[in-house]
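Here are my notes for your first read-through. Keep the model open beside them and look up each spot as you go.

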Amino acid sequence: MQYNFDEIIDRRNTDSLKYDFAKEREKPEEILPLWVADMDFKTPACVIDALVDKSQHGIFGYSETKRDYFEVLQHWFSSRFHWKIQPEWLVKTPGVVYAISTAIRALTAKGDAVLVQQPVYYPFSRSVLVNQRKLAVNQLIYSQGKYRIDFEDLEEKVIKNHVKLFILCSPHNPVGRVWTREELIRLGDICLKHGVIVISDEIHADFTYQGYRHLVFADVKPEFSKIAVTCTAPSKTFNLAGLQISNIFIASGDIRSKFRQEIARSGYSQMNTMGIAACRAAYAKGGEWLAQLKEYLAGNLNFLSGFLQEKLPSIRLVEPEGTYLAWLDCSGLGLDSQKLEDLIVNRAQLWLDSGTMFGAGGEGFQRVNIACPRIILQQALIQLEDAVKSL
Ligand SMILES: Cc1ncc(COP(=O)(O)O)c(C=O)c1O
């Protein structure tokens with residue numbers, strides 16, 4: 001079956017956070033949204049069929065999963081990442097951010113330091129601060145259009161702040177890095193040495209571009225599995241964010257038991273019935289759809305890159321190795337944050353994610369979600385080009 005990712009599906013008036021809340025978020029009503037990380041593509045037919053079956057059954061009582069659900073996950077992670085998960089490691093949560101926030105409470109005390117690598121997905125720092133923990137920042141180094149880890153600073157920050165927990169974003173949103181084995185070993189070794197637990201948010205793991213391979217942090221060295229909380233979900237991969245299902249894997253019995261206790265404290269128990277059905281169907285039968293989607297996204301990335309080079313040379317694409325989020329270096333426009341925001345929102349009528357939201361190192365950048373029909377991406381770029389010309 002050939003999937004048609006060029007199809008434009010009207011998402012307005014569907015309770016879509018991306019499309020229906022411009023006014024509430026103080027944006028112009030006709031703005032073109034390429035911000036929040038969900039896709040403008042329909043989930044694969046196998047998932048829709050599973051959800052229709054559930055709907056037609058008509059009873060949405062409490063649900064649990066059995067061995068078959070685990071086996072589907074097991075097959076997915078072993079065939080794609082050579083990662084062998086064990087049934088007892090699995091803890092299901094209603095989302096990865098929920099899991100991160102829960103892990104922060106479970107594994108640290110108020111006032112403890114939690115480390116993140118900015119610029120990074122902003123709910124990381126929000127979860128740290130809202131739980132009254134201290135935020136420690138290891139800023140990524142941006143040089144010659146590429147990001148790398150400042151390992152000396154990482155270790156220094158860990159020691160200085162007595163960091164208890166590190167939230168790793170792998171692949172990294174927004175800078176698009178797919179961390180190499182060497183990088184993961186180096187940062188994991190620092191964490192091992194100083195007794196730091198690692199939450200590895202691998203929600204974007206299925207999106208790597210040609211030439212890059214995602215490695216599960218917990219699996220890079222046997223010792224890492226003892227300090228890792230690996231966060232996975234089918235939500236980015238299959239566009240299921242609204243179904244709120246994620247699968248967290250924790251090999252350490254001690255860490256897992258603390259994590260489970262914190263979930264119990266929050267009053268949460270069974271998963272969303274529809275989420276379970278969708279997750280199982282997606283991982284069991286969605287492989288071919290994903291392969292075609294990845295080709296389409298690579299085409300979008302290529303289109304974006306070509307357009308910028310040809311028509312907007314003052315904006316530089318930080319070439320992503322993974323994720324469907326593109327990080328644009330707009331510093332060449334010579335605008336301060338406010339003027340850049342005005343250019344994007346008011347002149348270009350585009351709703352992107354402003355770099356400043358991602359913390360240190362985000363100034364002068366914008367994040368664009370390229371998981372949309374190419375014609376929408378083209379429209380967005382034409383609007384951006386016109387806006388830049390009008391400066
Ligand atoms: C790195 C990262 N983690 C987590 C999430 C959100 O996960 P969830 O919707 O499961 O809370 C996103 C969504 O953009 C993300 O980019």
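1. Let's begin with a term. A nonpolar core here is a set of buried Ala, Val, Leu, Ile, Met, Phe, Trp, Tyr and Cys residues joined through C-beta atoms within 7 Å. Buried means that 20 or more other C-beta atoms lie within 10 Å of a residue's own; exposed means 12 or fewer, partly exposed is in between, and the C-beta atoms are placed from the backbone. The largest such core has 115 residues, and V198 and L350 touch the most other members. Helix 11 (residues 273-285) gives this core its largest share, seven residues. Both domain 1 (17-43 + 287-389) and domain 2 (48-285) give residues to this core, so it lies between them. As background, nonpolar side chains tend to be buried together in soluble globular proteins.

2. A word on what you're looking at. This is a predicted model: local features need pLDDT of at least 70, side-chain atom pairs count only at pLDDT 80 or more, and totals for chains, interfaces and linings use all residues. Residues are numbered from 1 along each chain as its sequence is written.

3. What does V198 touch, leaving aside its neighbours within four places in sequence? V198 is in contact with F166, L168, G188, C191, F217, I227 and A228. Contact means that the C-beta atoms of two residues, placed from the backbone, lie within 7 Å.

4. Now the whole chain. The protein chain has 14 helices and 15 strands; these are DSSP runs (H or I of at least four residues for helices, E of at least two for strands), numbered from the N terminus. Its radius of gyration is 21 Å, close to the 21 Å that the globule rule gives for 391 residues, so the chain is as compact as a globular protein of that length. That radius is taken over C-alpha atoms, and the rule is 2.2 Å times the number of residues to the power 0.38. Of the 391 residues, 45% count as buried.

5. Back to the two domains, whose bounds come from an automatic or database domain assignment. The C-alpha centres of domain 1 and domain 2 lie 25 Å apart. Their contact takes 26 residues from domain 1 and 32 residues from domain 2. On the domain 1 side, helix 12 (287-311) gives the largest share, four residues. That side divides into 14 nonpolar, seven polar and five charged residues. Ala, Val, Leu, Ile, Met, Phe, Trp, Tyr, Cys and Pro count as nonpolar, Asp, Glu, Lys and Arg as charged, and the others, Gly among them, as polar.

6. Next, the ligand. Of the 13 residues around the ligand, A37, G95, V96, V97 and N173 come nearest. A residue counts as near if its C-beta atom, placed from the backbone, lies within 6 Å. By class, this shell has eight nonpolar, four polar and one charged residues.

7. Most residues other than glycine have a negative phi, and most peptide bonds are trans. The bond from S170 to P171 is cis, with omega near -10°, and a cis bond also joins N173 and P174, with omega about 15°. P171 lies in the loop between strand 7 (165-169) and helix 7 (181-193). Q144, not a glycine, has a positive phi of about 50°, and Q144 is exposed, with 4 other C-beta atoms within 10 Å. H162 has a phi near 50° too, but H162 is partly exposed, with 13 other C-beta atoms within 10 Å.
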